[in-house]
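This briefing describes the fold of a single protein chain. Please keep the sequence and the coordinates at hand while reading.

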Amino acid sequence: MLLLDFLAPKSCAFCGVLSTGDEHSLCVNCFDDLPWRVPAASPAPGIFNCSLSMMDYAFPVDVAIKALKFKRQLYYAPALAEVLCAARQSLPADIDSILPVPLHWRRKTVRGFNQASELAVPVARALGIRILRGVKRCKAPPSQSGLGATERRKNLRRAFSTREQVASKHVLIIDDVVTTGATLTELGKVLLRNGADKVSALTVASAR
Ligand SMILES: [Zn+2]
């Protein structure tokens, strides 16, 4: 952290209004105006113990997520992490590990960061849960956008590998957007195959 960041008052990531001295990255007005799903959607059922998507993939969240991913506007990450933290009361109490959806190293090199990790780190800190770091994306998939559910599933086969001890754990997978749910499902299956007790999923927004 830069000293300047530390000294500067925090401002809302969405409207720029200076916060009133608390630790929030979103002002109350912007927080209330976000396209919340009430109750939070369950976009990828099946293998998941609990699956929550907090918002519709709509303005201004779609803009914020694209700015974070493709324009490196990292100040959106803590604001979107606050959105995830709003799920706190709805999440199963026995979750003991958090896994940001891994990005292939090549894509991470190009982007400079993994947006799912940027979201997961503040959530893990707020909930006091450790992050799993030994799960890798071993296959660089072609861009998933524009592909149907079947092609996505085919693309994702053997996409992840794990060196983590996940036996008996309840892992919460975190990602920015869920579209078909194929990535979350594939990752969840890998964890269950490696002995995880349960998997749950939490995403900022759902595009379905
Ligand atoms: Zn605001």
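The points below proceed from the overall make-up to the sheet, the helices and some individual residues.

The model is a predicted one. The chain has 208 residues, of which 38% are buried, and its secondary structure comprises eight helices and eight strands. Among contacts with a separation of 6 or more, 70% join residues 24 or more positions apart.

**The sheet**

- Six strands make up an open sheet of mixed pairing, in the order E1-E2-E8-E7-E3-E4.
- The edges are formed by strand E1 (36-41) and strand E4 (130-131), each of which pairs on one side only.
- E7 and E8 are parallel and are paired over eight bridges; in this pairing, valine 178 stands opposite serine 206 of E8.
- E3 (residues 97-100) runs parallel to E7, to which it is joined by four bridges.
- Serine 97 is opposite arginine 130 of E4, and isoleucine 98 is opposite isoleucine 131 of E4.
- E7, H8 and E8 together form a right-handed β-α-β unit.

**Burial of the strands**

- Nine of the nine residues of E7 are buried, so this strand is largely enclosed by the rest of the structure.
- In E3, Ser97 and Leu99 point one way while Ile98 and Pro100 point the other way, and all are buried.

**Helix H4**

- Helix H4 (residues 76-85) is largely enclosed by the rest of the structure, because eight of its ten residues are buried.
- The buried residues of H4 are Tyr76, Ala77, Ala79, Leu80, Ala81, Glu82, Val83 and Leu84.
- These buried residues pack against strand E2 (51-56), helix H3 (61-70), helix H6 (115-127), strand E7 (170-178) and strand E8 (198-206).

**Helices H7 and H8**

- Two packed helices are described by the angle between their axes and the distance between the axes.
- For helix H7 (residues 149-156) and helix H8 (residues 182-193), the angle is about 35° and the axes are 9 Å apart.
- The crossing of H7 past H8 is right-handed.
- H7 contributes Ala149, Arg152, Arg153 and Leu156 to the contact, and H8 contributes Ala182, Thr183 and Glu186.
- By class, the residues of this contact of H7 with H8 are three nonpolar, one polar and three charged.

**Leucine 52**

- Leucine 52 belongs to strand E2.
- With 24 other C-beta atoms within 10 Å, leucine 52 is buried.
- Not counting residues up to four places away in sequence, leucine 52 touches Ala40, Ser42, Ala87, Ser90 and Leu202.
- Leucine 52 and valine 178 are 126 residues apart along the chain, and their C-alpha atoms are separated by 10.0 Å.

**Backbone features in the loops**

- The peptide bond from phenylalanine 59 to proline 60 is cis, with omega near 0°; proline 60 is placed in the loop between E2 and H3.
- Arginine 72 is not a glycine, yet it has a positive phi of about 55°.
- The location of arginine 72 is the loop between H3 and H4, where this residue is partly exposed, with 13 other C-beta atoms within 10 Å.
- Serine 168 likewise has a positive phi, of about 65°, although it is not a glycine.
- Serine 168 lies in the loop between strand E6 (160-162) and E7, and it is exposed, with 10 other C-beta atoms within 10 Å.

Terms used
Residues numbered from 1 in each chain as written. Predicted model: local features only at pLDDT ≥ 70, side-chain atom pairs only at ≥ 80, totals over all residues. Axes fitted to C-alpha atoms, helices over the stretch in contact; angles between N-to-C directions. Helix = DSSP H or I, 4+ residues; strand = E, 2+ residues; numbered from the N terminus. Left-handed = near helix turned anticlockwise from the far one by under 90°. Contact = placed C-beta atoms within 7 Å. Nonpolar A, V, L, I, M, F, W, Y, C, P; charged D, E, K, R; others polar. Buried ≥ 20, exposed ≤ 12 C-beta atoms within 10 Å, placed from the backbone. Pairing = 2+ DSSP bridges. Right-handed = clockwise from strand over helix to strand, strands pointing away.
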